[in-house]
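Me: Got a model here that I want to go through. Can we start with pockets?

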Amino acid sequence: MAVNPNIIGIVSDEFTNPNTVRMLNEVTRQINARGYLTLLLNVDSRESYQSTLRNAAALPLAGLVFLTSLFDDELSAVADALPEVPTVHLSQSRDSRANTVIAEGFDAGAEMGLLLLSQGHQRFGFMHSQENDVPVQQMAGFVSSLEAEHKALTVELSAGANDRERAYQAMMAYLKKTRAAERINALFCESDVLAFGALQAVRDFGQGSHVAVVGFDDVDEARASTWHLTSWAQRRDLWVTEALNRLLENKTDETDAWQQGELQVRHSHHGKYVPGEMSQCGCAIRH
């Protein structure tokens, strides 16, 4: 007797990133609400990825949801081990064939640029998690809003990974090698994790340095008094609904309503001491 596929696999390579954890919580909640079971596939190498897929072939899988992109040929490995199992990505994918559901970020970048411009900042930077041949859409929108006001993106930093410590090191190296008069006074980070590292570097560097820092993802920690990080809040619930509709019902929302998001304005975009409410909090940029 044929077994009705009732398991959805979730593929990821790390569960320390706060954005990954929030996405995992939302994915499992919605999968369970649809009456499916969740199979967590935690992989950290090409070998473990291929082995895990082969082991999963014995299970009644209804689909695979990727929370991250692992390899350029990751979908070829799925086709070999699980030829009848559909896939969807809740992340950018290294494979051009991937069915991706991710907010493109251009409008978010543009709004963040307008906010930083409104504070009177003059020199702007962007921090990437990885160096890319094609700029991420957050940066493209950011640059667009700057150019509309005859400003330019003067510095691009790369952490080399979506990692707080790597972002800290990249920002600290920049502060040490750049003359005070030439430093940026506003930095847009590709993720909140990078922003936390950059903020900590500004605080530890001291020497009267002031850099406004903003992020993207609006993870729970962004609201903590340690950071009061201004960030872009994505609608993870709408993303996941769209992804599961595509995976299980082969249905796509052509209106792209799931691309919604909202700017969460706190304190980190000021870049210097502001009297009043800010004096009562523990913003990392307050010396």
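Me: What volume does the largest pocket have?
Reply: About 1,200 Å³ in this predicted model. A pocket here is an open set of points on a 1 Å grid over the protein atoms alone, where a 1.4 Å probe fits, with protein on both sides within 12 Å along at least five of seven lines. The volume is the space filled by probe spheres set on the points.

Me: Which helix gives the most to the lining?
Reply: Helix 1, with 3 residues. Helices are DSSP runs of H or I, at least four residues; strands are E, at least two.

Me: And the lining by class? How many nonpolar, polar and charged?
Reply: The lining has 14 nonpolar, 17 polar and 9 charged residues. Gly counts as polar.

Me: Why does the pocket lie between the domains?
Reply: Because domain 1 (7–100) and domain 2 (105–234) both give residues to its lining. The bounds come from an automatic or database domain assignment.

Me: Switching to confidence. What's the mean pLDDT?
Reply: The mean is 88, and 92% of residues reach 70 or more. pLDDT is the predictor's confidence in each residue, from 0 to 100.

Me: Where does it stay under 50?
Reply: Over residues 280–284. Where pLDDT is low, the predicted coordinates should not be read in detail.

How values were computed. Residues are numbered from 1 along each chain as its sequence is written. This is a predicted model: local features need pLDDT of at least 70, side-chain atom pairs count only at pLDDT 80 or more; totals for chains, interfaces and linings use all residues. Side-chain values use heavy atoms; hydrogens and water are left out. Contact means heavy atoms within 4.5 Å. On a 1 Å grid over the protein atoms alone, a cavity is a set of points where a 1.4 Å probe fits but cannot get out, and a pocket is an open set with protein on both sides within 12 Å along at least five of seven lines; lining residues have an atom within 4 Å of a point.
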